Amino acid sequence: MGGQVGTSRRAALDGDALLARLYVLADAVGARGAFLGTLALLLVVFYFPVGAVLATAITRGAGLSVAPVWETLTDRFYFGVLAGVLSDPQSAPGALLGWASAGFPVVSTGLFGFTAYLAVLGTAGAVVVGLPGAFVLARYEFPGRTLVRSLTVVPFVLPAIMVAVGFTAMFGTHGALNAVVGLVGLHVDVAFTVPLVVAALTFYNAPLVTRFVVAAAETVDARTVETARSLGAPRWRAVLDVVVPQLVPSVLAAVLLVFVFDFMAFPIVLALGGLRLATVEVWLYHLATRLRLSQAASLAVLEAAITLGLTYVYLRYERTGGAGTAAATVERVPLRGGLTAGRVLAVVYAVLAVVLFVGPLASMVAESLTRGGVLSGANYGFLLAQQLGAGGTRPALAVRNSLLFAVGAVVLAVPMGASVAAVTSRDGRVHRVTGALLMAPLAVSGVVLGIGLLQGLVFGVTLFGVHVSVAGPLAIVAAHAVVGYPFVVRNVAPLLARVSDDVRDAARTLGAGPARAFRDVTLPLVAPGLVAGAAFAFAISVGEFNATVVLARSPGQYTMPVALERYLVTPSLGPALGPAAAMGTVLLVVTAASFVIVERLGGRWEP
Amino acid sequence: MGDSGSPGAWLKSKFEAAHDGVTVKWRTPTSGSSNLTEFVQRARRGASIDADVYVGLNTDELVLVDQKLDSPLFADVHGDLSHVGDLKKELRGLDSKGRAVPYDTGYITSVADATALDRLPTSFDDLASARYENDLLMENAQDTDTGKAFLLWSIHAKGSGGYLDYWKSLLDNGVHVLGTWSAAYKAYTNGEAPIVVSYSTDQVYAANNGENLQKYTVDFLDDQGYANPESAAVFAGSDQRALATAFVDFMLSPSAQKHIPQLNYEFPSTTTGSLSGNFQKYAKVPSKPVTFTYDDLAGKVSGWVDKWARLVAQH
């Protein structure tokens, strides 16, 4: 395709000549060049600053020491019975016998045990809610399908305090749910309990499962289904044998990311569960606010050991999806039609989605439109006064900054993610270890990253007699890209693994350079993953708080969540949440509109 | 603190008007107490402080600062303040080293919804009784002003040897320990529980918004409330020591004391300040205010808070 150069029009010739030059450039830089650039950026804004903080967990006095980590491992508060076994292994058999003779009572698993428990429940919730959503979006055609798909990522950016407000309004003692079930004499009491926290974790992460799997489903090769059916397999059998294996790597990728996210969950757990349901990251945050930095660092090292270990295990299975091409994708069927199990599921799912996703968001909007219990425009009046008054936190500036940072972060994160996916996609232990370590921005405590950026970059270091300090808008964009790029990697890698080497080699034999082969062969297949990854990178940037606050060099470099937080802690406002809810509503509208635009732009490359 | 109508904007405009060629720049706090911890980290790493005055310091935070730093972060300025003699008697001994200058004070107390409860709790022991099971909302004592004040108040009441047993009974009784004051207060106004650890000025806000005051009944336990003064301090490394001290002194002036505390929903720290309007009517003062001074807290507060937090998180 596109082999013949048009001779009738100069413009076309110039265009193709330019493109050809770009391919030469891309071939020269190559995936390896982009990969090295990515490494350099990661080194400056991630590995160096975070490493400096984590190093305090493996040093004591002047020398290396395992003591800080060992003290954490053998502390019953953190590891429960495991700590007891570690600190006194010889007592373990006796303790085991005692436990058995006592009838196997519930044992303490410490803060890490509780965190893992919560993460397992949260991941299960995300899969149970997310997979049917993916099925509906991938299987059925209905008006607004692409809009809904674009908006799936919205929950991801919402500040925890607003989600907490929404969940209380929806599921609280006097919430909307109780108003409904109260009609039949029931009452749901879930405030400050594990089920409510799990529901909120599901709210955040089920969309991730949906989005990942939809991206993969849209590149399933329909011909494989047809082949199976022509051999006499019933439809369900063909789907099970042919489609499901192609989706498994993306499902696993989503499960891994959701588990890691849930394991590190912090603001939402704090907002809905408080200290009694503290996770490791909640505890770490409180340690940091009280400047117990080396203890916080040893917790972060253990957290990262667990999350990176899981990533490594996952990478063993990433390449199991089998080959495919995007030449012919499975046709979606209209949602309207005869009654089938699938269509019933779709309707049930829509109701659930309204309760779980739309409900909390709508209650935030409602909060922004009331003051003292009555309908009021006062909260938006407050935003306007902030915008026009001197010295206020201006909402329009926050919107502008958020969008600029997010666009910058996407522009950086997409090539970073694509190059890392390409270079680490090969099989083998070295590639898996590298791949896991490059996921560290997801797997390392956000609180520790904030401390690292402050101490390592903002305070600066002296190199060759010159004091170097890194902060400001470019540093914010770089930090956002670093935190967001793992999403691009994990979205793209499973799809990339399905690009058969034969097809790529065939293109190369026909004279296409690597960049040209990438565009013609690889890109169409990984495009849905790139777009989904870009959407997540955008969302991560818009929702990011810690690094933004730390790296802002002038008071005017605030984003939407930062403005929201400022309105929340303004003492002269009293306890009103309305102004923050109004800012949350602005954030909701701006990000929703952005996702639609990102997907429209990205959709041009989709098959 | 920079928005118009806020205490910060008021101080800036008045102080600049009185001092030619001086510009007051507020650095907006990031969140909670992390602003102070940033300065401690800067001092530890030898990074520049770039600020002259810190506003919004709690006494226990001063203890934390001293524990983490070898050389003082803040300067002794009490001797240079013209209004220091106006401080209320109970606030004069707050910091024996003369660094913290309290510019307002408030009382942390339980606030109860009298429309939902037949009888309000009157003591700490009441709160732990079956009658008030699952009824109390509070905030994390590790890093919120109100939660920390409530914990310190309970230690004042039950003693450092007995407070953990008291908290065990409170946890068994279903106390909710939320992350921030606004989360706890929001849960309270939503009716999740009828008692919240909050401020003795809560009715002022309710009155300003025309709400039912019964729902925000200030409920002092054992006739006490925990006084939590908010202080300003001058950085020891400031190259504008005289001007910075003048600014802190200005915060204690009669005109500032008539404005600043009320804008913060707090009480004046001096005898020259006064309350007006709804403050005069609805801001409550306990008959037996209690507090711990710097000297009471030094060397102890970290251990108290740590033991409490571990008890709560594993319960």
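How many helices and strands does the secondary structure of chain A come to? The count is 27 helices and 8 strands. The model is a predicted one, and every value below is computed from it.

**Chain A overall**

Chain A has 607 residues, of which 49% count as buried. If one takes the contacts in chain A between residues at least 6 apart in sequence, 80% of them join residues at least 24 apart.

**Helix α8 of chain A**

Helix α8 of chain A covers residues 160-171. Its 12 residues reach 16 Å from the first C-alpha to the last, close to the 16 Å expected at 1.5 Å a residue. The helix is mostly covered, with 12 of its 12 residues buried. Among these buried residues are A:A160, A:I161, A:A164, A:T168 and A:F171.

Two packing partners of α8(A) are described here, α16(A) and α10(A). Two packed helices are described by the angle between their axes and the distance between the axes. The table gives both quantities for each pair.

| Helix pair | Angle | Axis distance |
|---|---|---|
| α8(A) and α16(A) (residues 341-368) | about 100° | 8 Å |
| α8(A) and α10(A) (residues 194-217) | about 120° | 11 Å |

Angles of 65 to 115 degrees count as roughly perpendicular, so α8(A) and α16(A) are roughly perpendicular to each other. By contrast, α8(A) and α10(A) are oblique to each other, and the crossing of α8(A) and α10(A) is right-handed.

In the contact with α16(A), the residues on the α8(A) side are A:M162, A:V163, A:V165, A:G166, A:F167, A:A169 and A:M170. They meet A:G359, A:P360, A:L361, A:S363, A:M364 and A:E367 in α16(A). The residues of this contact divide into 9 nonpolar, 3 polar and 1 charged.

In the contact with α10(A), α8(A) supplies A:V163, A:F167 and A:F171. The residues here divide into 7 nonpolar, with no polar and no charged ones.

**Helices α6 and α12 of chain A**

Which helix pair has axes that come within 8 Å and cross at roughly 140°? The pair is α6 (residues 110-139) and α12 (residues 235-263) of chain A. At that angle α6(A) and α12(A) are oblique to each other, and their crossing is right-handed. From α6(A) the contact takes A:T115, A:A116, A:L118, A:A119, A:G122, A:T123, A:A126 and A:V127. From α12(A) it takes A:V255, A:V258, A:F259, A:D262 and A:F263. The residues of this contact divide into 9 nonpolar, 3 polar and 1 charged.

**Helix α14 of chain A**

Helix α14 of chain A, residues 280-289, is also mostly covered: 10 of its 10 residues are buried. The buried residues include A:E281 and A:H286, along with A:V280, A:W283 and A:L287. Just after α14(A), A:L291 takes a positive phi of about 65°.

**Chain B and the contact with chain A**

How many residues of chain B are in contact with chain A? The answer is 51 residues of chain B, which are in contact with 43 residues of chain A. The elements of chain B that give two or more residues to this side are α1 (7-18), α2 (34-45), α3 (59-68), β5 (176-178), α8 (181-189) and α14 (301-314). Of these, α2(B) gives the most, with 7 residues. The residues on the side of chain B that touches chain A divide into 16 nonpolar, 24 polar and 11 charged.

Helix α1(B) has 12 residues and reaches 17 Å from its first C-alpha to its last, close to the 16 Å expected at 1.5 Å a residue. Its buried residues are B:P7, B:G8, B:A9, B:L11 and B:K12. What covers them includes α10 (241-251) and α11 (254-263) of chain B.

**B:I155**

Is B:I155 buried or exposed? With 23 other C-beta atoms within 10 Å, B:I155 is buried, since 20 or more are needed. The residue lies in helix α6 (residues 145-158) of chain B. Not counting residues up to four places away in sequence, B:I155 touches B:S160, B:Y163 and B:W304. The C-alpha atoms of B:I155 and B:V40 are separated by 27 Å, and the two residues are 115 residues apart along the chain.

Definitions and conventions. Residues numbered from 1 in each chain as written. Chains lettered and ligands numbered in written order. Predicted model: local features only at pLDDT ≥ 70, side-chain atom pairs only at ≥ 80, totals over all residues. Contact = placed C-beta atoms within 7 Å. Helix = DSSP H or I, 4+ residues; strand = E, 2+ residues; numbered from the N terminus. Nonpolar A, V, L, I, M, F, W, Y, C, P; charged D, E, K, R; others polar. Axes fitted to C-alpha atoms, helices over the stretch in contact; angles between N-to-C directions. Parallel < 35°, antiparallel > 145°, perpendicular 65-115°, else oblique. Left-handed = near helix turned anticlockwise from the far one by under 90°. Expected span 1.5 Å × (residues − 1).
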